[in-house]
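Have a look at the picture before reading on.

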Amino acid sequence: MNNNLNGKTAIVCGSTDGIGKSIANLMANRGCEIILVARNQDKLDTTLSELNPNQVHSSVCVDFNKPEELKDKILKTINSLDKSVDILVNNSGGPHGGPLIDADEEEFRIAFERLLICNHILAKAVVPGMKKIKWGRIINIISTSVRQVIPGLGVSNTVRGSVAQWGKTLALELGEFGITVNNILPGYTATARLKELAKSKSESTGLEIKDIYDLWSNNTSVKRLGTPEEIAESVAFLASDASGYISGHNLSIDGGRFSA
């Protein structure tokens with residue numbers, strides 16, 4: 001089974017923190033050239049300096065709240081390459097929490113642009129090159145809310161569900177060109193984002209943050225939180241030659257989560 005990524009080029013979004021950074025590091029260690037995409041130039045520079053130096057890596061600084069700027073910058077980056085982008089990892093932070101009925105309409109628009117429109121812009125940018133080489137991998141980092149909604153994340157639950165359907169539709173359309181599309185559904189993973197959610201839940205319920213983490217851990221079969229590195233391992237597999245017959249799949253990586 002060939003799990004290495006030697007000679008491949010990947011765009012990894014949200015790649016300066018948490019899951020995205022772990023994905024970029026692991027894929028670089030397996031031989032992949034990485035194009036980091038995130039909104040903070042200092043963090044991009046730091047992450048770039050930490051990647052495996054045996055390949056040539058680069059970065060694109062852009063805010064996903066500005067889709068047109070993303071389109072312009074990513075097309076310029078791809079056009080400057082002398083090869084196709086082989087792998088696209090779509091990954092972006094979710095909207096603020098809160099009950100669905102209390103959400104302002106603008107929150108939906110912002111989340112839809114950040115989580116779906118930007119994914120679509122990136123896919124449209126890389127797919128022509130993938131079709132030429134008859135090989136490609138598009139991997140979307142979403143959430144287990146696709147399978148089981150998470151209380152208190154009303155807007156996120158709604159929009160991430162549409163992202164999952166978008167990904168599965170692309171898988172149907174692109175499979176004949178050797179391009180697979182899969183969705184990764186992380187459960188409770190020890191990231192800065194989860195810390196923010198725990199703080200918000202603590203403020204609304206009065207529970208200690210440690211007790212919230214314990215509650216989340218106990219809602220899994222393995223009785224612990226996941227790590228970004230564990231998510232990255234699954235992404236790297238789906239990005240490899242070994243995963244060529246897996247497409248249109250929602251892969252839950254949640255430690256056997258069985259309740260919200």
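## Before we start

When this report talks about a helix axis, it means a line fitted to C-alpha atoms over the stretch in contact, and angles run from 0 to 180 degrees between N-to-C directions. Bear in mind that this is a predicted model.

## H3 alongside H4

Start with helix H3, residues 67-79: its axis and that of H4 come within 10 Å and cross at roughly 25 degrees. Angles under 35 degrees count as roughly parallel, so that's what H3 and H4 are to each other. The crossing of H3 past H4 is right-handed.

Who touches whom? On the H3 side, the residues are Pro67, Leu70, Lys71, Ile74, Leu75 and Ile78; they meet Glu113, Ile117, Cys118, Ile121, Leu122, Ala125 and Val126 in H4.

## A closer look at H4

What about the ends? Asp104 caps the N-terminal end, with a side-chain oxygen 2.9 Å from the backbone nitrogen of Glu106. Just after H4 comes Lys134, with a positive phi of about 55 degrees.

## H6 against H7

Now for helix H6 (residues 192-205) and helix H7 (residues 209-218), whose axes are 9 Å apart and which pack at an angle of about 115 degrees. That makes H6 and H7 roughly perpendicular to each other. H6 passes H7 in a right-handed crossing.

Among the H6 residues that meet H7 are Leu194, Leu197 and Ala198, while the H7 side includes Ile209, Tyr213 and Trp216.

Conventions:
Residues numbered from 1 in each chain as written. Predicted model: local features only at pLDDT ≥ 70, side-chain atom pairs only at ≥ 80, totals over all residues. Heavy atoms only, no water. Polar contact = N/O pair within 3.5 Å; in protein donor to acceptor, adjacent residues only side chain to side chain. Helix = DSSP H or I, 4+ residues; strand = E, 2+ residues; numbered from the N terminus. Parallel < 35°, antiparallel > 145°, perpendicular 65-115°, else oblique. Left-handed = near helix turned anticlockwise from the far one by under 90°. Contact = heavy atoms within 4.5 Å.
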